[in-house]
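Please keep the sequence and the three-dimensional view at hand.

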Amino acid sequence: MISLINNERMLAGKGPVGFTNPVLYRHPEVLEDVVHGHNVGCYEGHGFRAAKGWDAATGLGSPDFQRLLDLYMSLP
C-alpha cells in the first residue's frame, strides 16, 4: 500500500511518505480498530487479546487504503 501511495505522491510532484508511524499515530481514523480476537504470541504462553485502540494482538488496526491514500495525498 505504501508503494502505491508513494507512486501517487510522485505523480503529484510530492516526495515519498517516509517513516509512517508518526502519521498513523496522529491519524488513527485511517485504520479500522480490531477489538475482538486474540493472538497466542510468545507472552509466556498466555497470548494477547484485542482491545480498543492499540494492543499487542492487532497493533493500530487494519489500514483502509482509500483513507490512507487521501491522508497522505493531503500532506505536503
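The side chains of R67 and E32 meet in a salt bridge, with N and O 2.1 Å apart; the term denotes a side-chain nitrogen of Lys or Arg within 4 Å of a carboxyl oxygen of Asp or Glu. Because R67 belongs to helix α3 and E32 to strand β1 (residues 31-32), this pair ties together parts that are 35 residues apart in sequence. Helices (H or I, at least four residues) and strands (E, at least two) are DSSP runs, numbered from the N terminus. The model is a predicted one, in which local features need pLDDT of at least 70 and side-chain atom pairs count only at pLDDT 80 or more, whereas totals for chains, interfaces and linings use all residues. Residues are numbered from 1 along each chain as its sequence is written, and side-chain values use heavy atoms, with hydrogens and water left out.

How many salt bridges does a search of the whole structure find? The search finds two. In the other one R67 is joined to D64, the closest N and O atoms being 3.3 Å apart. With regard to accessibility, buried means under 20% relative accessible area, exposed over 50%, and partly exposed in between (1.4 Å probe, protein chains only). R67 counts as partly exposed at 30% relative accessibility, E32 likewise at 44%, and D64 at 25%.

Where do the buried residues of α3 lie around its axis? Helix α3 spans residues 65-74, and its buried residues are L68, L69, L71 and Y72. They lie on the same side of α3 because they cover an arc of only 165° around the axis, the arc being that of the directions from the helix axis to the C-beta atoms. An α-helix has 3.6 residues a turn, so residues three or four places apart point the same way. The buried residues of α3 pack against α1 (2-11), α2 (21-26) and β4 (62-63).

The largest nonpolar core has 10 residues: I5, V17, V23, L24, V30, L31, L68, L69, L71 and Y72. Such a core is a set of buried Ala, Val, Leu, Ile, Met, Phe, Trp, Tyr and Cys residues joined through side-chain atoms within 4.5 Å. Helices α2 and α3 each supply at least two residues of this core, and the largest share, four residues, comes from α3. Not counting residues up to four places away in sequence, V23 touches L71, Y72 and L75, where contact means heavy atoms within 4.5 Å.

Two loop residues complete the picture. T20, in the loop between α1 and α2, is buried, with a relative accessible area of 19%. Apart from its neighbours within four places in sequence, T20 is in contact with I2 and Y72. A51, in the loop between β3 (48-49) and β4, is partly exposed, with a relative accessible area of 33%. Leaving aside neighbours within four places in sequence, A51 contacts D33, V34 and V35. The C-alpha atoms of A51 and D33 are separated by 8.5 Å, although these residues are 18 residues apart along the chain.
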